[in-house]
Amino acid sequence: MRAHSGLLMQGFRVLCAVACALVVSAGTVAAQDGEGVKVPRKSIFNNLVSADSVEKSAALQYSQMTRQAFQQRKLLDANDPRTQRVRRIAKDLLPHTKKFNDRSDKWDWEVNVFDSPTINAFCMPGGKIAFFTGIIDKLKLTDDEIAVIMGHEMGHALWEHARERTAKVNMTNIGSRVIGGLLFGQAGELVGAAGSSLAALKFSRNDETEADLIGMELAARAGYDPRAGITLWQKMSKAGGGAPPQWLSTHPSGQTRIKTFQDNLKDVMPLYERAKAARNG
Ligand SMILES: [Zn+2]
């Protein structure tokens with residue numbers, strides 16, 4: 001997987017995907033309002049790199065990526081049903097992000113869908129979200145599943161995992177190297193042109209657990225069924241077939257992620273039931 005698009009895809013993995021694994025269970029820091037998931041806030045490293053610089057770099061890279069995609073006719077139009085659907089779900093989740101990052105309501109959130117067969121999605125620092133048509137179409141995602149993926153990717157941005165990774169590897173040029181420039185390959189596949197240091201910036205398993213927990217709560221608070229995290233991972237495992245997709249071949253622990261969802265549902269189901277009742281009532 002590495003030779004052809006591996007290096008390039010590292011960029012996406014940094015920004016993260018639905019791809020990764022999780023193993024470590026979360027700690028015990030209570031949420032501010034006492035409800036929802038328990039996600040410990042760590043990261044003394046974040047003091048080494050300002051949030052502002054990481055978010056500015058991400059915004060620049062995201063604008064380059066979308067411009068390039070537009071030129072290559074790989075950026076779905078705002079009127080495309082998939083773009084409208086993903087944006088609607090993002091809009092539902094956004095009011096609930098502030099609990100996890102009090103700067104998030106100042107972010108200039110953007111949501112775009114890129115025409116690429118890759119099964120992936122990400123949210124850059126500062127709220128720059130990308131979904132690939134591959135993940136929507138190949139997995140035949142329900143709205144609930146899109147919400148769980150969206151929440152997961154938002155979780156990485158809200159919990160500032162990229163900033164933490166950046167600080168940890170002590171990079172001097174945050175911009176292009178952390179975020180990774182993105183290009184379209186000859187086969188028309190959306191790929192990231194990343195520097196070699198990106199491999200070191202891959203999110204940790206603990207980061208993935210945190211993103212899953214934040215994601216399931218965001219989905220629940222927005223009235224999307226957090227149990228979709230389970231069906232989502234069942235679909236992903238099946239999508240592998242005889243040739244596991246990159247995200248499974250590198251982090252083969254879909255079962256572990258499903259268990260995380262199952263173990264933490266009790267913390268978010270009341271939020272979901274309440275949101276659903278409010279919507280229907
Ligand atoms: Zn992730």
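**Figure 1. Glu55 in helix H2.** Glu55 is a residue of helix H2; helices (H or I, at least four residues) and strands (E, at least two) are DSSP runs numbered from the N terminus. The model is predicted: local features need pLDDT of at least 70 and side-chain atom pairs count only at pLDDT 80 or more, whereas totals for chains, interfaces and linings use all residues. Residues are numbered from 1 along each chain as its sequence is written. Glu55 counts as buried because it has 23 C-beta neighbours inside 10 Å. A residue is called buried if 20 or more other C-beta atoms lie within 10 Å of its own, exposed if 12 or fewer, and partly exposed in between, with C-beta atoms placed from the backbone. Apart from its neighbours within four places in sequence, Glu55 is in contact with Pro125 and Gly126; contact means that the C-beta atoms of two residues, placed from the backbone, lie within 7 Å. The C-alpha atoms of Glu55 and Glu160 are separated by 9.7 Å, although these residues are 105 apart along the chain.

**Figure 2. The two sides of helix H2.** The expected span is 1.5 Å times one less than the number of residues. Buried in H2 are Val54, Glu55, Ser57, Ala58, Gln61, Tyr62, Met65 and Ala69. These buried residues fall within an arc of 160° when seen down the axis of H2, so they line one face of the helix. The arc is that of the directions from the helix axis to the C-beta atoms. The other side of H2 carries the exposed residues Asp52, Ser63, Arg67 and Gln71.

Figure 3. Most residues other than glycine have a negative phi. Arg73 is not a glycine, yet its phi is positive, at about 55°. With 11 other C-beta atoms within 10 Å, Arg73 is exposed. Glu160, also not a glycine, has a positive phi of about 55°. Glu160 is placed in the loop between H5 and helix H6 (161-168) and is buried, with 24 other C-beta atoms within 10 Å.

**Figure 4. Helix H3 and its cover.** The 13 residues of H3 reach 19 Å from the first C-alpha to the last, close to the 18 Å expected at 1.5 Å a residue. Val86, Ile89, Ala90, Asp92 and Leu93 are the buried residues of H3. They lie on the same side of H3, because they cover an arc of only 160° around the axis. The cover over these buried residues includes strand E1 (110-114), strand E3 (128-132), H5 and H8. Pro81, Arg88 and Lys91 are exposed on the face of H3 turned away from its buried side.

**Figure 5. The packing of H3 against H5.** Helix H3 (residues 81-93) packs on helix H5 (residues 143-158) at an angle of about 60°, with the axes 10 Å apart. H3 is therefore oblique to H5. Axes are lines fitted to C-alpha atoms, for helices over the stretch in contact, and angles run from 0 to 180 degrees between N-to-C directions. Angles under 35 degrees count as roughly parallel, over 145 as roughly antiparallel, 65 to 115 as roughly perpendicular and the rest as oblique. The crossing of H3 and H5 is right-handed; a crossing is right-handed if the near helix is turned clockwise from the far one by less than a right angle, and left-handed if anticlockwise. Val86, Ile89, Ala90 and Leu93 in H3 meet residues of H5 that include Ile146, Ala147 and Met150.

Figure 6. The axes of H5 and H8 come within 7 Å and cross at roughly 125°, so H5 and H8 are oblique to each other. Their crossing is right-handed. Among the residues making this contact are Gly151 and Gly155 of H5 and Ala211 and Gly215 of H8. The axes of helix H8 (residues 205-221) and helix H11 (residues 254-280) come within 8 Å and cross at roughly 25°. H8 and H11 are therefore roughly parallel, and their crossing is right-handed. The residues that meet include Leu213 and Met216 in H8, and Phe261 and Leu271 in H11.
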